[in-house]
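Me: I am new to this structure and would like to learn how its features are read. Could you take me through a few of them, giving the general idea before each case?

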Amino acid sequence: QVQLVESGGGLVQAGGSLRLSCVASGRTISNYVMGWFRQAPGKEREFAAAISRSGSSTYYADSVKGRFTISRDNVKNTVYLQMNSLKPEDTAVYYCAAPKNWGWSAPRWMKEYKELSYWGQGTQVTVSS
C-alpha cells in the first residue's frame with residue numbers, strides 16, 4: 001500500500017507559477033512510475049504528467065506540455081510538479097498517483113489508471129484571469 005499526500009496548491013493569477021509536492025509513504029517510490037492527474041469541476045479526471053522510476057523519462061498531456069515539469073527525488077520519496085504560465089483552464093484539483101502494479105511502465109499504466117492506482121487526497125489549484 002502506498003499513501004500519497006499532496007501540497008502546494010493555491011490561488012494564483014494567470015501567467016503565474018505554482019509547485020506541487022507529493023510525499024509518499026508505505027513503500028519506496030523508486031519502484032514506481034509516478035504521475036499527476038487533475039479534475040476540473042464537472043469533468044472527468046485526466047492525465048497531466050508522469051515520470052519513470054529513474055526520472056529519465058517524462059510524459060505530458062498536450063495541454064500542459066512546455067509549461068509543466070514533473071520531477072522526483074527518490075531519496076525524499078517525493079514527486080514534484082512545477083507549473084508555469086498557468087491559465088484559467090488549469091484550474092482543477094490535482095492528484096498525485098502511483099500504479100498498483102509497481103512493475104508497470106507509464107504507457108502501460110495509462111491504459112488502466114482509473115481503476116488500478118493509488119491516489120492522494122488532492123490539492124486545489126485555482127487560476128484567476
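Reply: Let us begin with how the elements are named: helices and strands are DSSP runs, numbered from the N terminus. In this predicted model, serine 85 has its place in the loop between strand 8 and strand 9.

Me: What is the phi of serine 85, and how exposed is this residue?

Reply: Serine 85 is not a glycine, and yet its phi is positive, at about 50°. Its relative accessibility is 42%, so serine 85 counts as partly exposed, a class that lies between the cut-offs of 20% and 50%. Asparagine 77, in the loop between strand 7 (68-73) and strand 8, also has a positive phi, of about 55°, without being a glycine. Asparagine 77, however, is buried, because its relative accessible area of 13% is under 20%.

Me: Which polar contacts does the side chain of threonine 91 make?

Reply: Threonine 91 is found in the loop between strand 8 (78-83) and strand 9 (92-99). A polar atom of its side chain lies 2.9 Å from the backbone oxygen of proline 88, and the side chain of threonine 91 also reaches the backbone nitrogen of valine 127 at 2.9 Å. Leaving aside neighbours within four places in sequence, threonine 91 is in contact with Ala40, Gln124, Val125, Thr126 and Val127. With 19% relative accessibility, threonine 91 counts as buried, because the value is under 20%.

Me: How many residues are in the largest nonpolar core, and which element gives the largest share?

Reply: The general idea is that, in soluble globular proteins, nonpolar side chains tend to be buried together. Here the largest nonpolar core has 38 residues, and those with the most contacts inside it include Leu4, Trp36 and Tyr94. Among the elements that give two or more residues to this core are strand 4 (34-39), helix 1 (106-110) and strand 11 (123-128), while the largest share, five residues, comes from strand 9.

Me: How many aromatic pairs does the structure hold, and where is a pair that links distant parts of the chain?

Reply: The structure holds six aromatic pairs. One of them joins phenylalanine 37 and tryptophan 119 edge-to-face, at 5.1 Å centre to centre with 70° between the planes; phenylalanine 37 is in strand 4 and tryptophan 119 in strand 10 (residues 117-119), 82 residues apart. Phenylalanine 37 is buried, with a relative accessible area of 0%, whereas tryptophan 119 is partly exposed at 26%.

Me: Which residue has its charged end over the ring of tryptophan 119?

Reply: The charged end of arginine 45 sits over that ring, 4.4 Å from its centre, and arginine 45 also lies over the face of tyrosine 95, at 3.7 Å from the ring centre.

How values were computed
Residues numbered from 1 in each chain as written. Predicted model: local features only at pLDDT ≥ 70, side-chain atom pairs only at ≥ 80, totals over all residues. Heavy atoms only, no water. Helix = DSSP H or I, 4+ residues; strand = E, 2+ residues; numbered from the N terminus. Buried < 20%, exposed > 50% of the residue type's maximum accessible area, 1.4 Å probe, protein only. Polar contact = N/O pair within 3.5 Å; in protein donor to acceptor, adjacent residues only side chain to side chain. Contact = heavy atoms within 4.5 Å. Core = buried A, V, L, I, M, F, W, Y, C linked by side-chain atoms within 4.5 Å. Phe/Tyr/Trp six-rings, centres within 6.5 Å; stacked < 30°, edge-to-face > 60°. Lys NZ or Arg CZ within 6 Å of the ring centre and 35° of its normal.
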